[in-house]
Amino acid sequence: MGMYAGRWVVGGGAVAVLVATGAYVMWPAAEVDARLWGEVRPVIEARIASDARGSGYGETVPALKARWFCRAEALGLQEHGDDVRADVTTLCVEYGVHDDTLVECSAGQVPQVVRLERDHAAAGGYRVVSRQEAPDGAGNARWTRDRFGVVGASLAQDSMSSGALEDEARTHFGLPAGAAVVDC
């Protein structure tokens with residue numbers, strides 16, 4: 001009887017570890033300071049869009065007047081004095097316009113670590129001092145897990161919706177709200 005009880009204890013302990021691990025992996029990310037995110041998000045998005053310029057297919061077709069539109073979602077945000085580290089997942093989509101149609105030419109969703117520092121002279125009060133993004137290919141998952149942890153890496157895999165970027169592009173190009181979106 002003692003041998004069976006020992007197996008139950010070991011088996012029960014293993015189950016408890018698996019349940020706890022699963023709960024940790026599925027636990028939502030820590031709350032992000034909404035005030036701070038509201039200050040740094042526009043700075044991050046502007047920098048990412050600026051860095052994307054010149055890298056899209058649509059930009060090689062002058063008639064499309066293509067441009068990049070980007071958005072970021074915070075996975076983690078840490079503030080230390082005047083320095084901020086933002087763990088983000090970003091979606092950038094290159095849109096152009098042809099007749100009354102929005103044309104999607106290029107797109108990419110990439111996890112990134114963005115470091116900012118307070119700069120009262122800069123627009124938005126912050127400036128980006130460095131950006132690291134996950135590499136393409138096999139190293140992407142490991143890079144993301146090493147920087148964001150298991151929970152953040154899991155969240156970074158969720159697909160971001162391009163709906164808000166489509167709306168922003170329609171407005172930018174003066175298209176009606178329901179203008180169709182086609183591929184380049």
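This is a predicted model: local features need pLDDT of at least 70, side-chain atom pairs count only at pLDDT 80 or more; totals for chains, interfaces and linings use all residues.
Residues are numbered from 1 along each chain as its sequence is written, and side-chain values use heavy atoms, with hydrogens and water left out.

**View 1. The hairpin of β2 and β3.**
Let's start with strands β2 (residues 83-98) and β3 (residues 101-118), which pair in the antiparallel sense over 16 bridges. Strands here are DSSP runs of E with at least two residues, and helices are runs of H or I with at least four, numbered from the N terminus; two strands pair if DSSP finds at least two bridges between them. Two residues separate β2 from β3, and D99 in the turn has a positive phi of about 55 degrees. V88 has Q112 as its bridge partner in β3.

**View 2. Strand β3 with β4 and β5.**
Strand β4 (residues 126-133) runs antiparallel to β3, joined by seven bridges. Here Q112 stands opposite E133 of β4. Strand β5 (residues 181-183) runs parallel to β3, with three bridges, and V103 has V182 as its bridge partner in β5.

**View 3. R170 in helix α4.**
Take a look at R170, in helix α4 (residues 163-173). R170 counts as buried because its relative accessibility is 9% (buried means under 20% relative accessible area, exposed over 50%, partly exposed in between; 1.4 Å probe, protein chains only). A polar atom of the R170 side chain lies 2.8 Å from the backbone oxygen of A179. Leaving aside neighbours within four places in sequence, R170 is in contact (heavy atoms within 4.5 Å) with residues including L102, P176 and V181.

How values were computed. A polar contact is a pair of N or O atoms within 3.5 Å; within protein, one must be able to donate a hydrogen and the other to accept it, and residues adjacent in sequence count only if both atoms are side-chain atoms.
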